[in-house]
Amino acid sequence: MPGKIKVKVLAGRNLPVMDRASDTTDAFVEIKFGGVTHKTDVCRKSLNPQWNSTEWYRFEVDESELQDEPLQLRLMDHDTYSANDAIGKVVISLAPLLAREANNTAGPPGGAVMSGWIPVFDTMHGIRGELNVIVKVELFSDFNKYKTSSCGVQFFHCPMIPPGYRATAIHGFVEELIVNDDPEYQWIDKIRTPRASNEARQVAFINLSNQVQRLVGLKAAELGANAVVGYQQDFDLEGEAGVVARAIGTAVSITPLPTPSVPLNITCTQQSERERDRERDRCDKDKGSPRHARHESYGGKEPVGSVTVQNASLNSSSTPLGIHRRSSDSDLSVTPKGSSLNASGGVIGSGGGAILRPSMNSNNLEMLEYPFLTMTEYPPGFIVHIGGTVCARSVKLVDAGGESAARAAWWAELRTELRAHARALRCTAVLAYSERAAVREDVCVLSASGTAAVINLDCDFTLDEPAALRTDSKNALDECEAEPCSVAHVPYSPGAGPYRAELATCGGCRRARVPSVLLATCAKPNRLTSYAKAVTLTAVAARCRRAVGAEAGARDLSDQLPFLEYELHKLLLAKLRMQGANAIFSLETQIAIGERCVMALASGTAVRLGALPPPAPPRIKASENDKNAIEIQKALWDTFTANKAANGYDMGSQEHSTNGALPEAEGDEAPALDLCADKDACVLELDEAEDVETAKALAVRRNHMQVFTSALRPARAAPPHAFMQVWRARLGSQGSGAERLVASALTGAAYKLRRLQPAALAAPSFHLELPEDEIQLVVSGTAIPLHDPSKVEHVNGAEKEATVDGDDDIFALDEEQLVKAPPEVVEEKNSGPAASRVSLTTLSTVEGTKVARRVCSLRLLFVRETTAVRELGGLSGFLHTFTCEVLAIVRAYTAALGGNALTSLYLVHLLLHHNGHKNQGQCLLSVGGDVVHITY
Amino acid sequence: MYTEVDVFVSNFTLIDPEIYQLWIEGCSSSEAVTTLHQRNITKQTGATVELIASDVLDHYRTFALLERLFTVPSKLSEQMIFQIDEPTKHMLIEKYYDLDDAVIRELLGRKLSSRHRKDLDEVAERSGAPLRCCRRQFDNVRRIFKAVEEMPGNVVANIRATFLISEPLAKKYGAVVFIACMRFETAKRKLQYMSFNDFYHCAQAIMGSWTYSCTGPEYYDTEMDREFLLELRELRILLDKEKEHKHLICMRLKPKLLEKSYQELELNFRLYSRALVGLACNLHRGRELRSLFVDLLEKCVEPLRLGSWPKTDLAQFLCAYEQCALQMDVLREADLKNVWERYMRVVSRCLLTMYHI
């Protein structure tokens with residue numbers, strides 16, 4: 001009985017009128033946890049009831065139940081003669097509170113508290129008033145070795161070591177998978193009311209989600225970790241076959257930093273090092289990016305001299321490791337663990353696996369089995385080389401009544417394959433690992449992807465040693481490793497790669513080999529020098545499905561996938577080149593299966609790396625006397641030059657690079673229309689009509705909002721604007737519309753956020769789905785207001801609009817008011833009363849502020865249905881209302897948990913069913929992030 | 001490609017004042033798109049029509065959801081669904097309750113019941129504003145009227161406290177509520193020439209001087225001071241001393257007025273005086289009070305117009321008319337000086353407002 005929940009319901013407000021006759025409501029609340037239910041008194045005839053009870057409703061429950069079951073508060077209207085009517089519910093998962101309570105050793109006793117106004121949500125009517133509740137959780141210590149709960153493990157969606165914490169060990173990959181029935185497809189659903197059905201579904205999903213998190217936590221705890229970062233959770237709705245809850249994460253041991261201050265510089269002894277560092281620091285200061293500078297500064301290697309206080313404490317905390325390290329320094333590559341891994345694993349990379357040394361815990365076989373990390377951002381020095389993106393996909397047939405073992409085996413297959421891919425690239429680990437599944441009736445496509453890389457697990461906590469690198473090219477190591485460009489170097493020797501790759505000499509050090517284009521799923525490592533500007537790239541490829549039905553469809557899909565991927569890749573590279581960039585980071589690929597076609601969407605942030613060779617201008621291969629081709633070539637060239645100019649990639653690169661030795665052989669050639677047959681230089685072959693279309697599409701320039709990078713200065717105390725955009729349209733033929741839809745997505749967002757200019761866009765996430773014969777695209781992202789307007793280059797018309805007066809005077813006046821508004825708001829925020837504002841951001845930090853406190857992670861799931869789609873303003877109106885309400889509830893929870901911002905926000909699984917004839921619509925949305933408390 | 005869903009939602013609800021203004025003006029979404037597109041051409045934002053349309057629809061949906069809250073402005077601050085900063089909230093409410101002079105002029109004197117909501121086509125036609133816009137204003141007036149009608153205390157303060165609107169706007173509503181409470185006749189064809197602004201000034205004057213002035217929980221400044229109205233009857237005695245009154249006035253005005261006006265005054269003094277005093281004597285009757293503006297027009301303004309008085313001379317005359325009566329013994333003896341002042345202050349103001357040339 002190691003847990004106690006205490007609940008108090010204080011008051012309600014803005015309740016709906018439930019009794020038409022008297023225009024009031026007789027409200028009471030049922031508080032339910034597990035099988036126990038408590039009830040408050042009935043507060044008669046009030047839309048703003050006060051229960052004023054000093055009484056706490058108590059539940060004493062088991063720890064694992066605490067983690068799995070949500071607390072449910074049901075607001076009811078009392079009727080004397082008929083059955084009581086439900087007004088709505090507040091469903092509270094206790095996991096966030098538990099994590100806080102378990103880690104709250106130093107804090108005052110009394111448990112973790114959640115208190116505040118929470119909107120009452122009804123699956124049929126949306127938000128119907130608010131309840132003021134206090135929930136407390138108290139845990140009793142339990143040292144049972146066989147416990148099934150994992151309360152002590154903290155979860156972060158944040159894809160990096162959360163700011164404010166220091167990692168003492170990275171334990172490795174943790175995953176879990178559960179299969180359950182989807183209540184929507186149970187027989188009972190046929191006889192119960194839509195409300196009951198939706199609520200059952202919502203609770204079942206929350207249960208499932210909590211359960212899978214608990215199990216992941218358990219695995220992490222077994223590894224000796226105290227936190228899971230880069231936590232990703234997914235649901236696969238397989239219809240009749242049930243629902244699969246999957247979760248992956250990286251188990252780490254973290255300790256909070258005493259003060260969230262900027263780490264001190266480490267003094268380097270080596271002369272050249274110090275010089276380089278200084279130079280770099282100066283560069284960074286010029287750029288005015290403190291974040292950047294900070295990372296760079298502690299990326300310096302070989303600090304033999306003075307070690308700061310922080311490092312000292314760090315060292316002491318990781319003594320076991322340090323000892324172990326020294327003792328086995330030289331013979332690491334032949335440790336038994338390495339060899340056992342090789343036996344199970346593959347043929348290539350005999351020395352590779354061994355680098356993933358056990359951290360403090362010996363029980364890290366998992367880590368060796370799958371050297372995967374779900375984080376996307378790493379401390380400097382962690383990534384030694386990036387090998388490239390690796391991806392594995394498989395098409396499976398879902399069988400009804402499927403078991404979790406079968407699903408787990410599917411994923412295990414994929415992970416093994418991915419590991420083999422990484423090995424083939426001579427990489428030891430897969431970073432920014434993610435898993436996705438697309439389900440369509442019985443067919444599903446599972447994808448696992450990540451970035452193969454050579455990593456240095458010790459960089460984080462062994463600062464007193466030269467970074468241990470045991471790559472094949474050991475001789476080049478010492479100098480190479482110190483170079484900021486080394487991350488871009490290929491980990492394999494030329495010719496030894498798994499495929500014939502084009503390699504060039506590094507633009508940084510001019511010795512090592514680099515690929516001509518770099519694709520990676522992780523974020524750009526800070527040490528890697530690049531041009532300041534980044535661009536969001538998207539590409540969509542579509543193919544028709546030739547066969548439907550279970551088995552035939554699956555086989556066909558399996559045949560089509562390679563072609564689809566090839567097309568996608570080709571388009572993405574062409575677009576990359578058109579932007580004048582040579583690397584994509586944060587690359588995400590997804591597959592969407594429709595009834596008649598299958599699509600693949602890739603999105604990422606394109607940058608121009610200094611180390612990689614500049615992209616060649618686009619060429620077209622066609623017959624000599626094709627007038628059309630000449631025109632297209634001209635258009636492509638113009639766009640290429642214009643893009644390069646807009647991105648600032650055409651100017652000399654000195655100011656952005658650390659060592660001004662970048663090649664500048666670019667951009668000056670005349671647009672010669674040589675329709676050459678040189679295979680290497682050409683982007684496109686104009687053989688088919690589609691190719692012409694594609695080429696034309698490539699020539700279209702789109703003005704996006706610029707992508708947020710650390711080089712930009714966000715406005716102080718200006719909250720980030722998270723947004724979500726949903727499109728759904730009838731699918732045109734061959735998905736030609738899809739490409740346009742996705743490409744124009746960001747232009748649309750930029751226009752709609754025009755009042756925020758100057759602002760930058762944090763890398764948005766795209767979700768493409770093909771329900772029925774429609775296409776649905778969900779884009780969620782964050783706009784970050786920028787500090788210095790002069791830094792922003794393409795604040796085109798939108799900016800002018802704000803300065804040029806409107807047609808009528810009233811309007812002009814209002815604009816002035818609006819322009820004046822922000823500073824006032826800031827003042828208010830500082831003074832307190834408006835502190836109830838909650839910011840949401842998809843980034844892991846709130847830029848322009850400092851995160852004072854990470855509170856906990858939060859995940860919510862909503863089901864909403866309506867039988868009045870038309871009355872709500874059509875499907876758009878329904879979705880608009882629902883999304884607004886969901887964001888409102890997220891804000892309310894964030895505030896109630898003691899935060900004022902939610903970072904790493906994600907909105908996924910937008911499932912929208914619509915029955916036009918019945919005027920009915922149903923929607924499912926899952927949303928979450930990390931609750932933080934920030935100070936401006 | 002036929003778009004079925006196109007929704008953009010952000011954490012902080014962004015309100016574009018330009019689109020809001022168009023919505024307030026009663027433009028349909030397609031009209032708004034056309035207008036914005038035309039404006040955009042001149043400014044060259046480069047946004048396509050589709051993009052503008054999608055943005056306008058996003059805003060219109062938000063406005064439709066917000067409109068429910070505008071009816072109870074205090075709810076706008078309490079609600080959690082939209083995260084809007086304070087200045088924007090004020091702007092939203094202020095504009096939502098904004099009054100169109102042409103529309104409100106048509107609404108004056110109409111019964112504020114929901115039955116009459118259907119008959120707003122006529123209002124729309126005559127004011128030239130879209131029906132939607134008229135509906136909004138009608139509903140606003142009706143809502144405010146119902147809310148403050150029975151509320152004791154200062155009507156403007158009440159409106160401000162309940163609806164969170166600015167002082168000038170609250171004053172306008174105060175006048176509208178007052179005119180509605182008094183059921184003043186304003187819709188007569190003859191009165192059509194008067195603008196809302198004219199009525200606003202008249203109502204302000206009446207509220208300032210003829211209602212229960214002491215502010216307190218039991219006093220309503222939308223209610224006439226009955227005792228005062230009854231006392232007005234006694235001003236009849238002035239008619240008995242007409243000669244004396246006329247003499248005093250002529251003495252005083254002779255050097256000040258134009259020759260023509262002076263002649264006119266001498267000739268028709270009896271007519272004017274009888275009208276002014278007669279009006280006062282009958283105001284205690286409900287029907288007479290209601291037709292105050294009609295009477296002022298028919299008995300005073302029209303004869304004055306016939307005499308083609310310049311406005312400055314009229315002001316001189318009204319001033320003198322008030323002052324000279326105060327000098328006379330009759331008023332002092334009957335203790336009517338205060339009543340006379342209160343009466344004349346309003347009537348002078350009304351006449352000067354109503355006297356358009």
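A polar contact is a pair of N or O atoms within 3.5 Å; within protein, one must be able to donate a hydrogen and the other to accept it. Keep that in mind while reading this predicted model.

Start inside chain A. In all, 20 residues of domain 1 of chain A are in contact with 16 residues of domain 2 of chain A. The area buried between them is about 1,400 Å², and carbon and sulfur atoms give 67% of it. On the domain 1 side, Arg100(A), Phe121(A) and Met124(A) lose the most area, together 34% of what that side buries.

Now turn to chain B. Here 67 residues of chain A are in contact with 46 residues of chain B. About 4,900 Å² is buried between the chains, with 61% from carbon and sulfur atoms. In chain A, the residues that lose the most area are Tyr751(A), Lys752(A) and His880(A), together 15% of what that side buries.

Charges meet across this interface. The rule finds six salt bridges between chain A and chain B. One of them joins the side chains of Asp16(B) and Arg755(A), at 2.8 Å from N to O. Another 22 is the count of residue pairs in polar contact. Helix 18 (residues 874-896) of chain A gives the most to the side that touches chain B, with 13 residues.

Strands link the chains too. Strand 24 (residues 721-730) of chain A pairs with strand 1 (residues 3-10) of chain B in the antiparallel sense, over seven bridges. Ala729(A) stands opposite Thr3(B).

Conventions: Residues are numbered from 1 along each chain as its sequence is written. Chains are lettered from A and ligands numbered from 1 in the order in which they are written. This is a predicted model: local features need pLDDT of at least 70, side-chain atom pairs count only at pLDDT 80 or more; totals for chains, interfaces and linings use all residues. Side-chain values use heavy atoms; hydrogens and water are left out. Contact means heavy atoms within 4.5 Å. Buried area is the accessible area (1.4 Å probe) that two parts lose on being put together, summed over both. A salt bridge is a side-chain nitrogen of Lys or Arg within 4 Å of a carboxyl oxygen of Asp or Glu. A polar contact is a pair of N or O atoms within 3.5 Å; within protein, one must be able to donate a hydrogen and the other to accept it, and residues adjacent in sequence count only if both atoms are side-chain atoms. Helices (H or I, at least four residues) and strands (E, at least two) are DSSP runs, numbered from the N terminus. Two strands pair if DSSP finds at least two bridges between them.
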